[in-house]
Amino acid sequence: MSAPVVEVTDAPQSAATPAGATLREGAFGPARCLACRECGAEVELGPQYACPECFGPLEVAYEFGTVTREEIEAGPRNIWRYKSLLPVPTDIESSPNTEPGFTRLLKADNLAAELGLSSLWVKDDSTNPTNSFKDRVVACALSAAREFGSTVFACPSTGNLANAVAAAGARAGMKTVVFIPSNLEKPKQVNSAVYTDSLVAVDGNYDDVNRLASEIAGEEDGWAFVNVNVRPYYAEGSKTLGYEIAEQLGWRLPDQIVIPVASGSQLTKVDKAFRELIALGLVEDKEYRVFGAQATGCSPVSVAYKAGTDVVRPVKPDTIAKSLAIGNPADAVYVLDVCKRTNGAVEDVTDDEIREGILLLARNEGIFTETAGGTTTAVLKKLVETGQLDTELETVIINTGMGLKTLDAVADRVGPAATIEPTYAAFSATGI
Ligand SMILES: *Cc1c(COP(=O)(O)O)cnc(C)c1O
Ligand SMILES: [Zn+2]
């Protein structure tokens, strides 16, 4: 039986929907409308992303039904187990996607002992289909693009997003175009180009690439830029990190969580997920603290936090943490809101500390993270050393990406301890 269709009228259309397209009823599950984060104005669900009243960012608002732990636990071992909490249709599992999520939550006792923490966990999102947390947000954006009838699946990216969009687009059989800064790490370029023949390298930084994407979205019909004109739906995918952490802890929230910040979307959505779980009675109400992690070479949010101001000044990124190199983060002020409200903080670390962070996680826990995870691990260490984090409380850090994509960051620091002739005498002489 095919679902009835409703005409999209009212609010202005973005380029994501070709003219005359219609939406299926229930296309966005429990989502009720889009609401402006600045003035609260509500608009109907559709391919909008900016408030028609004040141009503020729109966010998905919900009217949840009854959701039970049992119903979630009976779901698939991917993000669709939380479909009753996401802006996706109830038949989402039947349309091809990369099925990300339900990644492992590892108890990190060695790293905890090394840093003097009583209890530490690593949420390891490097095991997603294209090895970063971006597969989660892209799966939700793909669902929206499909419902809008978009013909092109696209993004501006610092690298990982392009990988996730290219893979998901290939699986969905859509024309897929991804835009990256031309100085991006080679492995991240190849990890996109294997899935699509439309990888576009732009001579400029991410903020330049992002501006270009907005321009194309305004000119071309039917292009769904996942993090531009489909951003409200895309962003909700990060909530699943929060849901999973709570479920994997046995349906409770951690006391403290450290999250890397690029645009800041992920951090704000993990907080949104925690608040939803409390409101729905799926976890006990408790206080938790959210900490943001940035690289010093691109730390506009951390700088604002430390200066005690809400005015976030854009910067020109200069850091090895390229996946976090957004100089003008869209959700910066909301990150500051969350970290202040929850009694957390935003901290930043140098490129050398990031390299050390990668090795700290690798040597203590057997997890090879990319520069973003090196940033998060190094910030965890710094928060402990500066007394900003309570070492007696249970803490979670999110590893958002995979070290094989940023080999160069540590390639000079590690390697063979010895190169020897194939004889026992030669080995013995090494003292290993
Ligand atoms: C994109 C990205 C982030 C940050 O995501 P935002 O939601 O933009 O803050 C963190 N880590 C990795 C590996 C990423 O690719
Ligand atoms: Zn508004």
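Me: What makes the pair formed by T400 and a nitrogen atom of ligand 1 a polar contact?

Reply: A polar side-chain atom of T400 lies 2.6 Å from a nitrogen atom of ligand 1. A polar contact is a pair of N or O atoms within 3.5 Å (within protein, one must be able to donate a hydrogen and the other to accept it, and residues adjacent in sequence count only if both atoms are side-chain atoms), so this pair qualifies. A word on the source: this is a predicted model, where local features need pLDDT of at least 70 and side-chain atom pairs count only at pLDDT 80 or more, while totals for chains, interfaces and linings use all residues. Residues are numbered from 1 along each chain as its sequence is written, and side-chain values use heavy atoms, leaving out hydrogens and water.

Me: Which backbone atoms does an oxygen atom of ligand 1 approach?

Reply: A polar backbone atom of A262 is 2.9 Å from an oxygen atom of ligand 1, and one of S265 is 3.5 Å from an oxygen atom of the ligand. The protein covers 98% of the 390 Å² of accessible area that ligand 1 has on its own (Shrake-Rupley method, 1.4 Å probe).

Me: Why is helix 4 called largely enclosed?

Reply: Buried means under 20% relative accessible area (exposed is over 50%, partly exposed in between; 1.4 Å probe, protein chains only). By that rule 10 of the 13 residues of helix 4 are buried, so the helix is largely enclosed by the rest of the structure. Among them are N160, L161 and G169.

Me: What follows helix 4?

Reply: That is G173, whose phi is positive, near 70°.

Note on methods: Chains are lettered from A and ligands numbered from 1 in the order in which they are written. Helices (H or I, at least four residues) and strands (E, at least two) are DSSP runs, numbered from the N terminus.
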